[in-house]
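Take a walk through this protein chain, from its overall layout to single residues. Keep the sequence beside the 3D view as you read.

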Amino acid sequence: MANVPMDAVQSTLTMSTKPHPQPTTVRQLVLWGERQLREAGVTFGHGTDNALDESAWLVGSAIGVAPADLESQLDRPLNASHLAGARHIIEMRIRTRKPAAYLLREAWFAGLRFYVDERVIVPRSLIGEFVLEEFQPWIDAGRVRHALDLCTGSGCIAVAVARAFPQAQVDAADISAEALEVARINIGAHGLEARVRPIQSDLFGALGGERYDLIVSNPPYVAAGELASLPAEYRHEPELALASGADGLEAAARILAQAEDHLTSGGILVVEVGNSREALELRFPLVPFVWLTTRSGDESVFLMDQAELVRQRATLRKPLEIPDCR
Ligand SMILES: C[S@@+](CC[C@H](N)C(=O)[O-])C[C@H]1O[C@@H](n2cnc3c(N)ncnc32)[C@H](O)[C@@H]1O
């Protein structure tokens, strides 16, 4: 999973090119950085999924070149300040284990650039891919007039939805006032103040009787046991954005129980649950979740329409029975 637009750099920097101990071109510097990151055992997954792309992103930023433009600059000679800047940022990445997105204060999502800092998780939701496809064939794109991004964090999904559905008003809800400050920065940067409304809300709590044609959510979904074993990079992210009870389903289960009351007839709910998919299917074995497939074959985002939520109401609203082990 990679969000930073680096595809061209990957294919241009062939593995036969050797990293240079004293890089003199951008290409040599990217390969030098790749080796440093790889040998240091850095974890990827916050915008890029490998050492070469991560190095290219960091080096590009140090020399002032956007990821998508880096390929044409690979043979450019380096000056001393570019070299020092790139070495510094790569060393910071290794020493602090902070995701590159926090060091650079930028993230890429659905082809768009976002401001990020430690108040929000680094955007990487698989939902981005489905937003770009306008959730086809599941909803008539022309009928999406009112959308909700629940658990909006940086506002990345809300902004991408507003871009994909230009006629829609979008509510961007999060319980965290700090996250909403970041969302506001991104809504402003994309010129969407008139169409994307940040709202502080505990899930649907502050949304009153609002109904939506589309509800998307990348809620916290990491189970307690998994949280403890995550690599150092994840510990720089807000725990509120990751942790969701013993089985990772606290937020998703509440969303499933309440979404019906906030969807229009024919509306759809789309929720990412990551590694908690298995726990969700165990909790609701008879509920027919539709699992969407990403280009890379991942299936951890489910879709359910309003009619199905109504049919499953009794099951989805039944309190979880926890066996008494005394
Ligand atoms: C996994 S992050 C997703 C952020 C963003 N949508 C994205 O994909 O990058 C989950 C977000 O849910 C928020 N959150 C956690 N509990 C919440 C709750 N009860 N109600 C609303 N938002 C909540 C967190 O503050 C965090 O911003």
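The chain divides into domain 1 (7-104) and domain 2 (117-317); these bounds come from an automatic or database domain assignment. The model is predicted: local features need pLDDT of at least 70, side-chain atom pairs count only at pLDDT 80 or more, and totals for chains, interfaces and linings use all residues. Residues are numbered from 1 along each chain as its sequence is written.

Start with the two domains. The C-alpha centres of domain 1 and domain 2 lie 32 Å apart. Their contact takes 8 residues from domain 1 and 8 residues from domain 2. Two residues are in contact if their C-beta atoms, placed from the backbone, lie within 7 Å. The side of domain 1 that touches domain 2 has 3 nonpolar, 3 polar and 2 charged residues. Here Ala, Val, Leu, Ile, Met, Phe, Trp, Tyr, Cys and Pro count as nonpolar, Asp, Glu, Lys and Arg as charged, and the others, Gly among them, as polar.

The largest nonpolar core has 89 residues. Such a core is a set of buried Ala, Val, Leu, Ile, Met, Phe, Trp, Tyr and Cys residues joined through C-beta atoms within 7 Å. Buried means 20 or more other C-beta atoms within 10 Å of a residue's own, exposed means 12 or fewer, and partly exposed lies in between; C-beta atoms are placed from the backbone. Among the residues that touch the most other members are Ala147, Ala160 and Val161. Helix H7 (residues 156-164) gives the largest share, 8 residues. Helices (H or I, at least four residues) and strands (E, at least two) are DSSP runs, numbered from the N terminus. Both domain 1 and domain 2 supply at least three residues to this core.

Now turn to helix H3 (residues 51-63). Why is H3 largely enclosed by the rest of the structure? Because 11 of its 13 residues are buried. Trp57 and Leu58 are among them. Gly64 follows H3, with a positive phi near 80 degrees.

Where does Gly111 sit? Gly111 is in the loop between strand S1 (107-109) and strand S2 (112-114). Gly111 is exposed, with 12 other C-beta atoms within 10 Å.
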